[in-house]
Amino acid sequence: MDIWGMFHEERSIYVYNTKMQLIFANDLGVKSRGLKDGMFNKDLFVIYGEVSALWEILKSMNTKKSIEGKMYSIVDHRGITHEVKSDFHGVYYGNNRFIIEIQLEEKNDFENGLNLNINKIRRKELYDFEDIITANKLMLKAKKKAYEASKRESDVLIYGETGTGKELIVQAIHRNSKRSSEPFIAQNCAAIPKGLFESTLFGTEKGSYTDSEKRKGIFELANGGTVYLDELNSMPMELQGKLLRVLQERKLRRVGGIKEINIDVRIIASINEDFESVLKNKKIRSDLFFRLNIISIELPALREKKDDIPILTRVFIDEFNKKFGTKILGVSQECMKHLLSYEWPGNVRELSNLIEGVFNNKSCGMIEYEDIKDKVRINNLLGQYDFKKRVQKFEKNLIEEALVLNNNNVSKAAKMLNIPRQTLQSKMKKM
């Protein structure tokens, strides 16, 4: 068949080189999978979270034989699963080898009217979904849910430990929303002095207190856009009631003011403790929690998605090589074994910092265990004295023992542990 004659808009076309990098897609292909300029000449794992046809592509390339009508699935950078049927053709062009994918059919969210709108102007300084690199099923599920949230207007509540990438998700939601051309303001609630919470959020009128000036708060400054409240569980309870009123009425009064000001903002909030804990320990008002929890997204800790460690390590090495002008080749097998066995209390941020630390002492070759062992040893030692994690570990061991003794009968195990069955099921789900 005339392969080159297939470069038209009736089919999605993709071309890969021998390094398994995407080097070309026609307009329909770009639109279908939400591709961006920065994705070309990148490894497939950066573009797709999962590619079940990878070996078929390699086989076609190496044997120069065509594979026709291959059904396979991919998970794109937004977390959207595509079930597609494609022909693969291994071809030579001069001395170079390429594989051409001609997509025949696709059954996915795109066909159901999902508006990708890839030409919409977005703020370049914010993260997007392709910046959140993962092959882990839990994280892909979170990305997909976040992408769906970006197409809606409801408020969002995100749970994730420190360093799991909550703000990356939030920025991507804003960047892909209809508010993308409007302001995005992020505020860490733990960083606001207790006496300045109200004025920071709602602004002040001149003379409301000594030396006060007329000033807008972050809700007014972000009007039309998105406000991200990080570590909401650090906000004083008395202010949470005022925040709830703003959420319900979309109106506020500045400190010392009498005039009600209409605002149009989307609120995305995050907490770094699990939902059950913040409610039980009264760190968030229940009415505020349920008002925000219209869309909830949970981000897994790095210890729960260790299949991402090799991928993220490679990404960080490439990033720091470019930043520092170094030539670190990768991570040794022994070093990777230790990275995979470590619990990562600081999550992805800790992994990034660990790799960056190596670059300050090494400029070429492989990263060996010797290069990281001191930091990993110290962090492991600190982790031994982490009260919360030790209690969680004890609790997990206790539940596992009760289940074994009761042949995995949840009701009997709950009775043995003297806790409600629903509580045990909730804890098992999290574990």
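**Figure 1. Helix H5, spanning residues 166-175, is a mostly covered element of this predicted model.** Eight of the 10 residues in helix H5 are buried, and these are Lys166, Ile169, Val170, Gln171, Ala172, Ile173, His174 and Arg175.

**Figure 2. The surroundings of helix H5 include both a helix and several strands.** The buried residues of H5 pack against helix H4 (137-150), and they also pack against strand S7 (156-159), strand S8 (184-188), strand S9 (226-230), strand S12 (266-271) and strand S13 (295-298).

**Figure 3. Helix H16 (residues 410-417) crosses helix H17 (residues 421-430) at roughly 105 degrees.** The axes of these two helices come within 9 Å, and because angles from 65 to 115 degrees count as roughly perpendicular, H16 is described as roughly perpendicular to H17.

**Figure 4. Residues of helix H16 and helix H17 meet where the two helices are in contact.** From H16, the residues taking part are Val410, Ser411, Ala413, Ala414 and Leu417, while H17 contributes Arg421, Leu424, Gln425 and Met428. Sorted by class, this contact of H16 with H17 comprises six nonpolar, two polar and one charged residues.

Figure 5. Among contacts in the chain with a separation of 6 or more, 65% are accounted for by residues 24 or more positions apart.

Technical notes
Residues numbered from 1 in each chain as written. Predicted model: local features only at pLDDT ≥ 70, side-chain atom pairs only at ≥ 80, totals over all residues. Heavy atoms only, no water. Contact = heavy atoms within 4.5 Å. Buried < 20%, exposed > 50% of the residue type's maximum accessible area, 1.4 Å probe, protein only. Helix = DSSP H or I, 4+ residues; strand = E, 2+ residues; numbered from the N terminus. Axes fitted to C-alpha atoms, helices over the stretch in contact; angles between N-to-C directions. Parallel < 35°, antiparallel > 145°, perpendicular 65-115°, else oblique. Nonpolar A, V, L, I, M, F, W, Y, C, P; charged D, E, K, R; others polar.
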